Amino acid sequence: MTKPMGPIPARYAAGKDGTLHVAGRSVAALVAEAGGTPLFVYDLAAVAAQIRRFRSAFPGVQLHYAIKANSYANLLSFIESKVDGLDIASAGEMEAALAVAAADRISFAGPGKTDAELEAAVRAGVTLNIESEAEAERALAAAGRLGVTPRLAVRVNPDFELRGSGMRMGGGARPFGVDAEHVPALVRRLRGGGADWRGFHIFAGSQALSADALIEAQRATVALAAELAKAAGAPPRLVNLGGGFGIPYFHGEQPLDVEAVGAALGKILAARPAILADSVFAIELGRWLVGEAGVYVTRIVDRKVSRGKVFLVTDGGMHHQLAASGNFGQVVRRNYPVAVASRFAAGPDERVSVVGCLCTPLDRLADDVLMPRAEAGDLVAVFLAGAYGLSASPQAFLGHPPAREIAVGG
Ligand SMILES: *Cc1c(COP(=O)(O)O)cnc(C)c1O
């Protein structure tokens, strides 16, 4: 039986030669320029278009980029020049962020920050989003040792969830953030301890495609921020509302109506409680900004038939694209959009499965999909590879060569 694939983003089309073109250039030419496959191609114009779309949908709201989605240096510096801040979650990401951004544009969230990470962040002037009371004490102690005023925000574990999100990161019992009911006391402790208290960070989930669910979460987030500020007796300078904007990966999924979310947030903010009157609001996005901008290009090494089933064996795989293989948080494996890039304009001829070169049955890029007939040497593209591609894959697994990356257009 043939299985469906997710939607190929509309911006990708065939050139006159019938092959896939990205930013006006054939994928084969990009592979030649980069020196071979496997290759991640990032279309900067696609990222810029998303940023413009956000700006017009959310006037007056700051945009942060969560760099764990993709920290490829050329992409990161491009995005940094167009957003209001970078959100990081490790010392390694801090190094990448500080290479392109001023410290006061960077905030550092994530559980399990070590003393060395806290100290490095405080020394650099990066804002720490505090994840627990114990971490707050360690951050204050690090600042005391260094003799500087730390910039500290409190990450709140809200008492609600982002409905329909692919990965829930707030509500109930969580390793992330401080339970909302303990936040006012912690804010008082930080301010009393000499910190420069920057505000709240409330992130409820990821990969949401429902505008209604996001609107509901943002309404609850603004209300919670106001309630916590009142209880703490201090207005927050910044309220980071989280993000969680999703993109459609699979057959039948509909894109998020970002304009509806923006219009609703505009109304929510216009009617916000007085204690938030002077607060700045930010939304932090990873996937939605860069996901559709990435194409993972691999070359077919072998075409084989096993008991009647055609396998296209490529030189790429799950070590670069864990999510497309179905092993990054999915319960049931479904197909990402995949195509034969070197025959992009051709119609479907046969049912095939596309696999990677790793010696494990987990390494699948597409199962039982309809494709034009392809041979060894043809290029296969996996779309939606811009977010949580290489950054979220076990590249060392099985010791194959690292993927190449190239940013084009913009
Ligand atoms: C992962 C993460 C993000 C980015 O999520 P996306 O779904 O990629 O937009 C934002 N904020 C925090 C705190 C995160 O952990």
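Author: Helix α4 passes helix α5 in a left-handed crossing, a crossing being left-handed if the near helix is turned anticlockwise from the far one by less than a right angle, and right-handed if clockwise. This is a predicted model, in which local features need pLDDT of at least 70 and side-chain atom pairs count only at pLDDT 80 or more, while totals for chains, interfaces and linings use all residues. Residues are numbered from 1 along each chain as its sequence is written, and side-chain values use heavy atoms, with hydrogens and water left out.

The axes of α4 (residues 91-98) and α5 (residues 115-124) come within 10 Å and cross at roughly 20°; axes are lines fitted to C-alpha atoms, for helices over the stretch in contact, and angles run from 0 to 180 degrees between N-to-C directions. That angle makes α4 roughly parallel to α5, because angles under 35 degrees count as roughly parallel, over 145 as roughly antiparallel, 65 to 115 as roughly perpendicular and the rest as oblique. Helices (H or I, at least four residues) and strands (E, at least two) are DSSP runs, numbered from the N terminus. On the α4 side the contact is made by A91, M94 and L98, and on the α5 side by E117, A120, A121 and A124, where contact means heavy atoms within 4.5 Å. By class, this contact of α4 with α5 has 6 nonpolar, no polar and 1 charged residues, with Ala, Val, Leu, Ile, Met, Phe, Trp, Tyr, Cys and Pro counted as nonpolar, Asp, Glu, Lys and Arg as charged, and the others, Gly among them, as polar.

Another pair is formed by α7 (residues 183-192) and α8 (residues 211-232), which pack at an angle of about 55° with their axes 8 Å apart, and α7 and α8 are therefore oblique to each other. The crossing of α7 and α8 is right-handed, and in it V183, P184, V187 and R188 of α7 meet L228, A231 and A232 of α8. The contact of α7 with α8 has, by class, 6 nonpolar, no polar and 1 charged residues.

In the loop between β13 (205-206) and α8 lies Q207, whose phi is near 55°, a positive value in a residue other than glycine. Most residues other than glycine have a negative phi, and most peptide bonds are trans. A cis peptide bond, with omega about -5°, joins T37 and P38, and P38 has its place in the loop between α1 (27-34) and β4 (39-43).
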